[in-house]
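The exercises below ask you to work from the sequence and coordinates, and each is followed by a solution that goes step by step.

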Amino acid sequence: MKPAFFQHPSALVESAAIGAGTRIWAFAHVLKGARVGRHCNIGDHCFIEGGARVGDNVTVKNGVALWDGVVVGDNAFVGPFAVFTNDLAPRSPRFPAAARRYQSKGWLSRTVVAEGVSIGANATIRCGLRIGSFAMIAAGAVITRDVPAYALMVGVPARQMGWVCQCGARLAVDDKGKASCPTCRLRYEARGHRLFSRRAPAARITPTKKRRSAPGSTG
Amino acid sequence: MKPAFFQHPSALVESAAIGAGTRIWAFAHVLKGARVGRHCNIGDHCFIEGGARVGDNVTVKNGVALWDGVVVGDNAFVGPFAVFTNDLAPRSPRFPAAARRYQSKGWLSRTVVAEGVSIGANATIRCGLRIGSFAMIAAGAVITRDVPAYALMVGVPARQMGWVCQCGARLAVDDKGKASCPTCRLRYEARGHRLFSRRAPAARITPTKKRRSAPGSTG
Amino acid sequence: MKPAFFQHPSALVESAAIGAGTRIWAFAHVLKGARVGRHCNIGDHCFIEGGARVGDNVTVKNGVALWDGVVVGDNAFVGPFAVFTNDLAPRSPRFPAAARRYQSKGWLSRTVVAEGVSIGANATIRCGLRIGSFAMIAAGAVITRDVPAYALMVGVPARQMGWVCQCGARLAVDDKGKASCPTCRLRYEARGHRLFSRRAPAARITPTKKRRSAPGSTG
């Protein structure tokens with residue numbers, strides 16, 4: 001039976017857990033044990049390791065490596081050459097004095113990219129942390145701690161510069177802690193240092209039909 | 001007829017608009033609709049998308065992706081793993097709540113790299129801006145605004161640290177706003193916060209003969 | 001005779017100087033004249049240029065390019081998408097006004113990564129400098145000057161934030177300039193602004209037997 005996903009002739013796909021409608025582009029490599037959901041786009045020169053998990057409707061742009069321990073939620077965008085990690089104090093496992101560290105998986109530190117997050121081009125994501133849903137990480141930022149949902153993070157180390165809507169537009173939170181998206185009208189309210197959407201989360205929206213895209217298109 | 005450009009056997013070249021004397025190296029991918037000029041060098045693992053345009057005599061080092069909306073002028077140098085963007089507020093186009101944003105090309109934000117610019121290794125170039133001719137961007141810098149011609153830009157976000165000559169040497173501008181390159185003797189003068197060359201622009205220099213380079217050489 | 005190293009079927013290996021037990025993974029490219037030691041792991045999409053030298057027991061994660069002029073010592077770890085350079089003021093060698101600069105190798109600036117160093121993911125290493133043995137460079141850091149042995153370097157530009165042991169653990173140096181690793185008990189003493197191990201250097205440790213690793217494992 002023909003698989004329900006598309007694989008560029010030059011891509012290497014060793015995993016059987018690729019969802020229907022997903023496209024995997026040139027020179028990408030998906031290892032055995034990696035799990036990729038439905039309707040994803042995995043760009044040229046990507047690498048998805050066994051143990052990595054990618055949700056549905058995710059866009060992974062070119063040159064991204066997703067390691068064992070990295071989980072990417074539904075509807076997320078991972079920008080080109082964004083770099084993940086999974087070891088907070090790496091040494092070469094071939095270095096005799098470090099070999100003991102790598103005999104078990106105790107060295108492995110996980111990263112959660114929640115649903116709808118956007119990670120900017122060439123951003124660096126230190127491991128052992130969680131990026132909250134719909135957060136937006138600027139291009140070139142270095143993330144060194146947990147990121148709240150809807151936060152816009154910029155710089156090295158990244159600091160929060162504001163809030164963004166599920167649709168990506170900037171939000172202005174008023175002095176009563178309310179915000180309304182100027183683009184899509186979705187409304188939010190702040191409680192403490194966190195922002196919440198005032199309607200059902202986007203993950204419950206009925207998915208639209210499968211979207212076609214040209215090979216290598218930015219989307 | 002044999003094409004007048006060189007293509008490594010492992011490279012994928014789907015564009016017909018590649019200039020004579022250009023070399024495209026291993027595991028690179030040039031999409032249909034991309035335009036690359038003459039006597040360029042496109043390094044291993046590069047990606048050039050439909051809609052991207054590259055001038056003549058350009059060196060693009062390894063691992064660079066040039067998107068739709070990115071224009072690179074003649075004689076430019078794009079360092080290894082420099083990262084471009086073309087969307088200021090990206091979301092996954094597969095995310096239902098963002099699908100409307102990607103129905104037209106309104107999301108696309110352009111980048112112009114003018115002639116003779118050097119972009120350092122692993123630099124990040126935010127989109128919607130112009131890098132002026134012969135500017136030099138340091139390795140690891142993040143460019144977040146327009147860059148004047150001949151400016152040396154360093155850091156995150158990048159700030160101007162000085163001026164450079166067309167040949168790449170640092171320039172010292174005196175208190176009368178004059179500078180003379182210690183290496184190639186080209187002279188400059190400042191007007192306001194801009195620097196101008198006092199002879200005909202380099203683009204009018206008669207090109208030298210086609211240059212040979214070994215496969216994968218740094219050049 | 002079958003070579004004593006492993007090469008993924010999609011890798012391109014043009015060098016004859018690859019040590020026994022080394023593994024070279026998918027879409028990697030090792031040029032003629034590159035030298036790689038024994039028991040190394042070279043990740044997917046790596047590029048090793050003629051003139052680059054890699055010691056024994058080195059782990060080079062995905063997407064790293066090692067240029068002519070880059071020397072990586074025994075037991076080092078080079079994180080994913082760490083970026084090296086070898087030209088402090090690059091211009092396109094195809095740009096006629098810069099062609100003279102590239103007629104000899106005078107432009108080439110070397111980088112030494114000493115034994116046991118760890119370079120973090122997406123770090124940028126400016127050329128013309130030395131990273132001292134067992135130093136640890138944080139993910140996303142930009143190295144712009146020489147780094148002392150055992151130093152922990154963080155940020156852009158990178159600054160020293162502390163000391164690390166050969167095994168990777170953080171060290172606390174007391175007011176007498178002594179430190180003892182909480183993990184492996186190795187002892188150190190400071191003299192001036194430098195730290196020294198109080199036993200024979202790790203390079204003299206007898207190497208353990210060749211280590212097996214699954215294809216594409218993080219190690």
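C:Arg101 is partly exposed, with a relative accessible area of 29% (buried means under 20%, exposed over 50%, partly exposed in between, with a 1.4 Å probe and protein chains only). The model is predicted, with pLDDT of at least 70 needed for local features and 80 or more for side-chain atom pairs, while totals for chains, interfaces and linings use all residues. Residues are numbered from 1 along each chain as its sequence is written, chains are lettered from A and ligands numbered from 1 in the order in which they are written, and side-chain values use heavy atoms, with hydrogens and water left out.

**Exercise 1.** Find which residue forms a salt bridge with C:Arg101, and state where the two partners lie.

*Solution.* Step one is to apply the criterion, a side-chain nitrogen of Lys or Arg within 4 Å of a carboxyl oxygen of Asp or Glu; the partner found is C:Asp87, with the closest N and O atoms 2.3 Å apart. Step three is to look at accessibility: C:Asp87 counts as buried because its relative accessibility is 12%.

**Exercise 2.** Determine whether C:Arg91 is buried or exposed, and identify which backbone oxygens of chain B lie 2.8 Å from its side chain.

*Solution.* Begin with the location, which is the loop between β14 (83–84) and β15 (111–113) of chain C; the C-alpha atoms of C:Arg91 and C:Arg101 are 8.8 Å apart, at a sequence separation of 10 residues. Next, C:Arg91 has 0% relative accessibility and therefore counts as buried. Finally, a polar atom of the C:Arg91 side chain lies 2.8 Å from the backbone oxygen of B:Phe134, and the backbone oxygen of B:Cys165 is likewise 2.8 Å from a polar atom of that side chain.

**Exercise 3.** Describe the interface of chain C and chain B by its area, its contacts and its composition.

*Solution.* Start with the buried area, the accessible area (1.4 Å probe) that two parts lose on being put together, summed over both: chain C and chain B bury about 3,100 Å², 61% of it on carbon and sulfur atoms. On the side of chain C, the residues that lose the most area to chain B are C:Arg91, C:Arg94 and C:Phe95, which together make up 27% of what that side buries. Then count the interactions: there are zero salt bridges, but 13 residue pairs in polar contact, both at pLDDT 80 or more (a pair of N or O atoms within 3.5 Å; within protein, one must be able to donate a hydrogen and the other to accept it, and residues adjacent in sequence count only if both atoms are side-chain atoms). Last, the side of chain C that touches chain B has 22 nonpolar, nine polar and five charged residues.

**Exercise 4.** Locate C:Ser109 and list which residues it is in contact with, leaving aside its neighbours within four places in sequence.

*Solution.* First, C:Ser109 is found in the loop between β14 and β15 of chain C, and it counts as buried because its relative accessibility is 13%. Second, with contact meaning heavy atoms within 4.5 Å and neighbours within four places in sequence left aside, C:Ser109 touches C:Thr85, C:Asn86, C:Leu88, C:Cys127 and C:Gly128.

Definitions and conventions:
Helix = DSSP H or I, 4+ residues; strand = E, 2+ residues; numbered from the N terminus. Nonpolar A, V, L, I, M, F, W, Y, C, P; charged D, E, K, R; others polar.
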